[in-house]
Amino acid sequence: MSNPHNHTDEELIVMLREDEGVAFKKIYTKYWYELYVMTNKRLRSKEAAEELIQNFFTTFWINREKINIKGSLKAYLHTAIRYSIIDYMAKEATRNNYLELLSFSYQEATNTTEETIFIKELENGINGVISKLPAKCRKVFELSRKEHKSNKEIAELLGLSEKTVENHITNALKYFRVHYKVILIASGFAWLLR
């Protein structure tokens with residue numbers, strides 16, 4: 001086989017589907033660092049970025065025969081990584097404090113207009129989901145996540161048991177998880193396709 005350095009991305013895609021590991025290695029070598037920099041910029045964690053990129057390329061190799069790239073390989077990889085970043089952030093936001101997601105781009109002075117619009121739409125979507133929670137559950141969730149109060153403080157403030165507060169937070173997070181990806185896709189669709 002000829003040197004893969006002489007192949008175009010289109011040829012590498014064909015070779016990849018034919019199980020040629022050298023094509024995968026070339027794609028990996030060519031795009032790993034670029035995708036890592038983009039991911040690290042969004043996640044602000046070298047370890048998380050490395051793990052996300054590694055998982056992506058593992059899945060890319062496993063699914064190589066099913067991959068259907070309609071545009072350029074570079075555009076495909078960038079879009080796929082954006083989806084991976086969003087999925088990672090959704091999981092982190094529901095596990096931790098959802099406000100981290102809202103602030104991640106605001107902290108960076110070099111935001112693009114598209115990213116700023118995306119974050120604003122995302123924030124509106126999140127607030128819309130929170131507004132649909134039952135009143136008591138919403139109050140507990142906001143005190144916990146927006147005002148950073150402990151379960152004990154919330155219980156004392158609202159005259160509830162700590163167990164009830166914990167149940168409200170658990171229910172709110174379950175509801176939030178169900179509706180979160182819909183918000184991300186709806187609010188970020190244009191950003192994802194650029």
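Visitor: Are Phe 56 and Phe 57 buried or exposed in this structure?

Guide: In this predicted model, Phe 56 is buried, and Phe 57 is buried as well.

Visitor: How are the rings of Phe 56 and Phe 57 placed, and what kind of pair do they form?

Guide: An aromatic pair is judged by the distance between ring centres and the angle between ring planes, with planes over 60 degrees apart counting as edge-to-face. The ring centres of Phe 56 and Phe 57 are 5.4 Å apart and their planes stand at 70°, so this pair is edge-to-face. The structure holds 11 aromatic pairs.

Visitor: What kind of pair do Phe 60 and Tyr 76 make?

Guide: Here the centres lie 6.3 Å apart and the planes meet at 45°, so the pair of Phe 60 and Tyr 76 is tilted.

Visitor: Which residues form one aromatic cluster?

Guide: The cluster consists of Phe 24, Tyr 28, Phe 56, Phe 57, Phe 60, Trp 61 and Tyr 76.

Visitor: How does one describe two packed helices?

Guide: Two packed helices are described by the angle between their axes and by the distance between those axes. For helix H2 (residues 21-43) and helix H3 (residues 46-62), the axes come within 9 Å and cross at roughly 145°. The crossing of H2 and H3 is right-handed.

Visitor: Which residues make the contact, and of what classes are they?

Guide: On the H2 side, the contributors include Phe 24, Tyr 28, Trp 32 and Leu 43. On the H3 side, they include Ile 53, Phe 57, Phe 60 and Trp 61. By class, the contact has 14 nonpolar, four polar and two charged residues.

Visitor: Where is Tyr 33, and is this residue buried or exposed?

Guide: Tyr 33 lies in helix H2. Its relative accessibility is 56%, and it therefore counts as exposed. Between Tyr 33 and Ile 53 the C-alpha to C-alpha distance is 9.3 Å, while the two are 20 residues apart in sequence.

Note on methods: Residues numbered from 1 in each chain as written. Predicted model: local features only at pLDDT ≥ 70, side-chain atom pairs only at ≥ 80, totals over all residues. Heavy atoms only, no water. Axes fitted to C-alpha atoms, helices over the stretch in contact; angles between N-to-C directions. Helix = DSSP H or I, 4+ residues; strand = E, 2+ residues; numbered from the N terminus. Left-handed = near helix turned anticlockwise from the far one by under 90°. Contact = heavy atoms within 4.5 Å. Nonpolar A, V, L, I, M, F, W, Y, C, P; charged D, E, K, R; others polar. Phe/Tyr/Trp six-rings, centres within 6.5 Å; stacked < 30°, edge-to-face > 60°. Buried < 20%, exposed > 50% of the residue type's maximum accessible area, 1.4 Å probe, protein only.
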